[in-house]
Amino acid sequence: MPGAIYAEGLVKTFGDVRALDGVDLDVPEGTVLGLLGPNGAGKTTAVRCLTTLLRPDSGKAVVAGIDVLKQPNDVRRSIGLSGQFAAVDEYLTGRENLQMVGQLYQMRSKAAKARAVELLEQFHLTDAADRPTKTYSGGMRRRLDLAAALVVSPPVMFMDEPTTGLDPRNRQELWEVIKQLVSGGTTLLLTTQYLEEADHLAHDIAVVDHGRVIARGTSDQLKARTGGERVEVVVHERDHMGTAAEVLAGFGKGSTTVEEHTRKLTVPVTGGAKLLAEVIRELDVRGIEIDDIGLRRPTLDDVFLSLTGHVAETATEGDEQDQTADAGRTDKKEAAK
Ligand SMILES: Nc1ncnc2c1ncn2[C@@H]1O[C@H](COP(=O)(O)OP(=O)(O)OP(=O)(O)O)[C@@H](O)[C@H]1O
Ligand SMILES: [Mg+2]
């Protein structure tokens, strides 16, 4: 039986761009699917097709047991959506925005008011409740938008980058809200660029690139597929990074990742502590002073990098300076298959 969210061969083109190129998804009821992928991979397009905001060119989608293409109105009644860009009415206050959503879902006025009070409290917006939302900060708008998606408790929720722009405390709190929702039986599809978030919340992860699902599994399965441990070195002198990369390449089982601004180099290895000792000796022989070195297990970031040839792009962490020593994006994708 298909899950609470099911898609088969979804295709959506915009002119020459194949935003979705045959996406298949299956999310069992009461679980969280994390949809990961670089910018432009097709995540938002997939969410928009599944939530009836866009009509796919071809393919099939069933949400909460309802055919998305044949009965879009029924689907809308069974889902909640928090989009990538907060969709609140600027001129209404936070409280009015939430009450309005309740009324759209045909709640009685008293119930809608009570629900608004609850959500304002839960999302730390009580103090700002009666100000027009155009005076809210970015993080406050995001929280209001998420609150709006939770006014009614639909069986299936979609959240497109729910915590982008939230500070660490608000992010952690939202994770708790999401966990509570899911423990109450809600099925959730969530896109994120914070791989830690996917690690923390998602039962299953689908990595999307160029409109296709290129890998799927639990976080542990994906990490195991990415294989082995990593040696991570922080060199003392920026000028030594090139030589250090050469040394690591001699020991590595894959491409070396170079992070210029932190002077950190990472390479996948097999061989554990013994190999680590050899790396340290070789760096010493070559006169490279190191600030830190260690062996670590692959993270979801490593998975993402090895599958897509990109580091995850987040707005806040100057990742644009990061680069892989070997830029063979297609080669790596081939290798990942
Ligand atoms: N309305 C549109 N018109 C034209 N092209 C579009 C439209 N919407 C999306 N695209 C294109 O489709 C591709 C997928 O976009 P989408 O927004 O789904 O990516 P995404 O994975 O959500 O990226 P991001 O991480 O940046 O949010 C991109 O190449 C984008 O430019
Ligand atoms: Mg998007």
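Reader: Which strand is joined to strand S1 (residues 5-14), and how many bridges join them?

Author: Good place to start! Strand S1 (residues 5-14) and strand S4 (residues 58-63) run antiparallel, with five bridges joining them. Do keep in mind that this is a predicted model.

Reader: What is the strand order of the open sheet?

Author: Reading across the four strands, the order is S2-S1-S4-S5, and the pairing is antiparallel. Strand S2 (17-27) and strand S5 (66-67) have a single partner strand each, so they stand at the edges with one side left without a neighbour in the sheet.

Reader: Which helix packs on the sheet, and at what angle to S1?

Author: That is helix H1 (residues 43-50), which touches S1, S2 and S4. The direction of H1 makes about 115 degrees with that of S1.

Reader: Let me zoom out. How many helices and strands are there in the protein?

Author: You will find twelve helices and 15 strands. The C-alpha trace spans about 75 × 45 × 35 Å along its principal axes. Of the 337 residues, 42% are buried. As for contacts with a separation of 6 or more, 67% come from residues 24 or more positions apart.

Reader: What does the domain assignment give?

Author: It gives domain 1 (5-224) and domain 2 (229-296). The C-alpha centres of domain 1 and domain 2 lie 40 Å apart.

Reader: How should I read burial along a helix?

Author: Begin with the geometry: an α-helix has 3.6 residues a turn, so residues three or four places apart point the same way. Now look at helix H11 (residues 300-308), which is mostly covered, with eight of its nine residues buried. Among the buried residues of H11 are Leu300, Val303, Phe304 and Leu307, and Asp302 is on that list too.

Reader: What follows H11?

Author: Gly309 does, and the phi of Gly309 is positive, near 75 degrees.

Reader: Why does Thr257 count as buried?

Author: Here a neighbour count decides: a residue is buried if 20 or more other C-beta atoms lie within 10 Å of its own. Thr257 has 24 C-beta neighbours inside 10 Å, and therefore counts as buried. To locate Thr257, look in strand S12 (residues 257-259).

Notes: Residues numbered from 1 in each chain as written. Chains lettered and ligands numbered in written order. Predicted model: local features only at pLDDT ≥ 70, side-chain atom pairs only at ≥ 80, totals over all residues. Pairing = 2+ DSSP bridges. Helix = DSSP H or I, 4+ residues; strand = E, 2+ residues; numbered from the N terminus. Contact = placed C-beta atoms within 7 Å. Axes fitted to C-alpha atoms, helices over the stretch in contact; angles between N-to-C directions. Buried ≥ 20, exposed ≤ 12 C-beta atoms within 10 Å, placed from the backbone. Domains from an automatic or database assignment.
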